[in-house]
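User: Hi! I'm new to reading protein structures. Could you walk me through this one?

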Amino acid sequence: MDNKRPAVFTTMLGQSTPWFTIACCALLVVCYFYPPIFDLFYFERSLVNDGEVWRLLTSQFVHLDNQHLLYNCGAMLVLGLIIEEEHRIDAIVMLTIGLVVVGACLPFSQLDRYAGLSGAINALVPPAIWLVWARSKSIIPIAIALLYFGRLAWEFTQDTSLLSADLTWPSYTPAHLQGLAAGLGWMLIRAKPVLLAYRSQTTQEANNEAS
C-alpha cells in the first residue's frame, strides 16, 4: 500500500524540529516546578475581578499535581507533534484559539479556581485525528475518534473529568467542549482551501494518468 502523503498535507515550512510543541511542554514543566509562577498564574475569580485578567489565559499553563501535569503534557506532546509535522502555523493558531475560548468562558462558569491545559488541548484533537486518517486511511483513527467523543459525552453527562476526577479543585468539563469547538471552528475555516487544493491535485494526477 502506498502511504505517500498527498502534497496538500505537506507543510510549506518543511519537516523540522517541532519547536512549538517542545516549547509548550517545557513551559508547562517550568510553571509546575517553580511555585511562584503558579501563585501568579492560576485562575482565582476574586483576583480576576480585582483586575488580574491575565489569569484567564495563564491559568491554563499551571497544574495541580504530577498526574495532572503528566496527562496534559503527554497530550500536548502527541497532538502537537502530529499537527506541527505538517502545519506548524495551524498548531500555533489552534492552541491559541483554544486558550482564548476557554479563558473567555471562565468568568461565566461557576468556578472560583481553575488550572490546567486540558481544555485548550482539545482544540488539537480533531485536526490530529484527521491528519492521521489522511496519512493512513486506517480504521484506527476512526475508532479513536469514536472513543474520544464517547469520553466527552460521558464527562458532560456525569459532570466530571475522566482523567482528573481526583483533583483537589473541581474539574471543569465544559472546557473540553469549548476547546473542541475552537478546533472544529478553525478546521471549518481551513476546510475550503484545503479541499480545493486536494481536488486540484487529484484532478491533475488523473489527467497525468490518462495522458
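Analyst: Happy to; the questions and answers below go from the overall layout to single residues. This is a predicted model, where local features need pLDDT of at least 70 and side-chain atom pairs count only at pLDDT 80 or more, while totals for chains, interfaces and linings use all residues. Residues are numbered from 1 along each chain as its sequence is written, and side-chain values use heavy atoms, with hydrogens and water left out.

User: What percentage of the residues in the protein is buried?

Analyst: Buried means under 20% relative accessible area, exposed means over 50%, and partly exposed lies in between, using a 1.4 Å probe and protein chains only. Out of 211 residues in the protein, the buried share is 42%.

User: At what angle do helix α1 and helix α6 pack?

Analyst: Axes are lines fitted to C-alpha atoms, for helices over the stretch in contact, and angles run from 0 to 180 degrees between N-to-C directions. Helix α1 (residues 19-33) and helix α6 (residues 88-105) have their axes 9 Å apart. Their contact (heavy atoms within 4.5 Å) is made by Trp-19, Phe-20 and Cys-24 of α1 together with Arg-88, Ala-91, Ile-92 and Leu-95 of α6. The packing angle is about 35°.

User: How far does α6 reach from its first C-alpha to its last?

Analyst: The expected span of a helix is 1.5 Å times one less than its number of residues. For α6, with 18 residues, the expected value is 26 Å, and the model is close to it. From first C-alpha to last, α6 reaches 26 Å.

User: How many disulfides are there?

Analyst: A disulfide is counted when a pair of cysteine sulfur atoms lies within 2.5 Å. Cys-25 is buried, with a relative accessible area of 11%, but the nearest cysteine sulfur, that of Cys-73, is 3.9 Å away, and Cys-25 is in no disulfide. The count of disulfides is zero.

User: Is Pro-127 buried or exposed?

Analyst: Pro-127 lies in helix α8. Leaving aside neighbours within four places in sequence, Pro-127 is in contact with Ile-83, Met-94 and Met-187. Ile-83 is 44 residues from Pro-127 in sequence, yet their C-alpha atoms are 7.1 Å apart in space. With a relative accessible area of 6%, Pro-127 is buried.

User: What is the relative accessible area of Ala-115?

Analyst: Ala-115 is found in the loop between β2 (113-114) and α7. Not counting residues up to four places away in sequence, Ala-115 touches Phe-38, Ser-59, Val-62, Leu-64, His-68 and Trp-169. Ala-115 is buried, and its relative accessible area is 9%.

Note on methods
Helices (H or I, at least four residues) and strands (E, at least two) are DSSP runs, numbered from the N terminus.
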